[in-house]
Every structure is written in C-alpha cells, then in structure tokens.
Amino acid sequence: MPYLWIAIGSAVGGMARYWCYGIAARVAGETFPWGTLMVNVVGSSFIAFFAALTGPEGRALVAPGVRQFVMPGICGGFTTFSTFSLETLNLARDGQWMKASLNILSSITLCLIGAWLGYILATSMNER
C-alpha cells in the first residue's frame, strides 16, 4: 500500500511541477531554467518544513503513510534535480558557462536556504 500512495503523490507532484514550470517560463522566459530553479527551491523549502513539522518532535503528528505520500511522493515528483542536471549540462555543452555556473550556484544556495528556512519555520511552530 505505501507504494500506491507514493505513486499517487508522485503524480500529484509531477503535475504541480509541470504547472509551476509553465508559469515561470511564461513570466521569465526560457533563456534560463527559471522554472526548474523555482521548483527546486520551493520543493527543498517544503520538504524540510514538512519533515520538521511532522517529525518525532514536531507539532503535527501524522501517520507514516502520510509522510510517505508527501515526502517521497509529492516532493519527489515535484522537485526536478535530474532536470536541473540535464539543463546545466546542456548550457555547458552550448558554451554558456556563465549561465551553467549561475544555475549551479543559485540552485545549491537557494535550495539550501529554502530547506533551512522551512526547517526554522516548522521548528518555531513546534515550540508554540
């Protein structure tokens, strides 16, 4: 049964990723992978927030199946690290080293900051 919930969550996450990527492409254009960056930052922020909020010392106790549905399911389907890797490789292969470097640095930095902020927000909520 856990596999079914993870599969359903992955489908939901994948559809959300496609929707968010489309919005970013329309708003910011497609000369830089803004959609992938946005999805990875949001996904990194949310998974850390949810993990801290629903962990053993968290404020919200949820069943293990809910954590599996959300974390490896929705978040796993939503984030796009494999897409990030391919887009960065393609930028580098096209000789766009500045954009490739910017994508690497901004993705790593912003996703880690997002994860840290998500964790801080959830732990502060847990203390109340």
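Biologist: Which residues form one aromatic cluster here?
Modeller: Phe46, Phe49 and Phe50 do. Keep in mind that this is a predicted model, where local features need pLDDT of at least 70 and side-chain atom pairs count only at pLDDT 80 or more, while totals for chains, interfaces and linings use all residues. Residues are numbered from 1 along each chain as its sequence is written, and side-chain values use heavy atoms, with hydrogens and water left out.

Biologist: Why is the pair of tryptophan 5 and phenylalanine 69 called edge-to-face?
Modeller: Their centres are 5.9 Å apart and the planes sit at 90°, so the distance passes the pairing limit and the angle passes the edge-to-face one.

Biologist: What does that pair tie together?
Modeller: Tryptophan 5 belongs to helix α1 (residues 2–28) and phenylalanine 69 to helix α3 (residues 64–78), so the pair links parts 64 residues apart in sequence. Helices (H or I, at least four residues) and strands (E, at least two) are DSSP runs, numbered from the N terminus.

Biologist: How many helices and strands does the chain have?
Modeller: Five helices and zero strands, which reads α-α-α-α-α along the sequence.

Biologist: Where is threonine 54, and what does its side chain reach?
Modeller: Threonine 54 is in helix α2 (residues 34–54). Its side chain reaches the backbone oxygen of phenylalanine 50 at 2.6 Å.

Biologist: What makes the link between the side chains of threonine 54 and arginine 67 a polar contact?
Modeller: A polar contact is a pair of N or O atoms within 3.5 Å; within protein, one must be able to donate a hydrogen and the other to accept it, and residues adjacent in sequence count only if both atoms are side-chain atoms.

Biologist: Why are α2 and α5 called roughly parallel?
Modeller: Axes are lines fitted to C-alpha atoms, for helices over the stretch in contact, and angles run from 0 to 180 degrees between N-to-C directions. The axes of α2 and helix α5 (residues 97–126) come within 7 Å and cross at roughly 30°. That makes α2 roughly parallel to α5, since angles under 35 degrees count as roughly parallel, over 145 as roughly antiparallel, 65 to 115 as roughly perpendicular and the rest as oblique.

Biologist: And why are α1 and α2 called oblique?
Modeller: They pack at about 135°, with axes 8 Å apart. That angle falls among the rest, so α1 and α2 are oblique to each other.

Biologist: Which residues make the contact between α1 and α2?
Modeller: On α1 they are Arg17, Cys20, Tyr21, Ala24 and Ala28, and on α2 Trp34, Gly35, Thr36, Met38 and Val39. Contact means heavy atoms within 4.5 Å.

Methods. Phe/Tyr/Trp six-rings, centres within 6.5 Å; stacked < 30°, edge-to-face > 60°.
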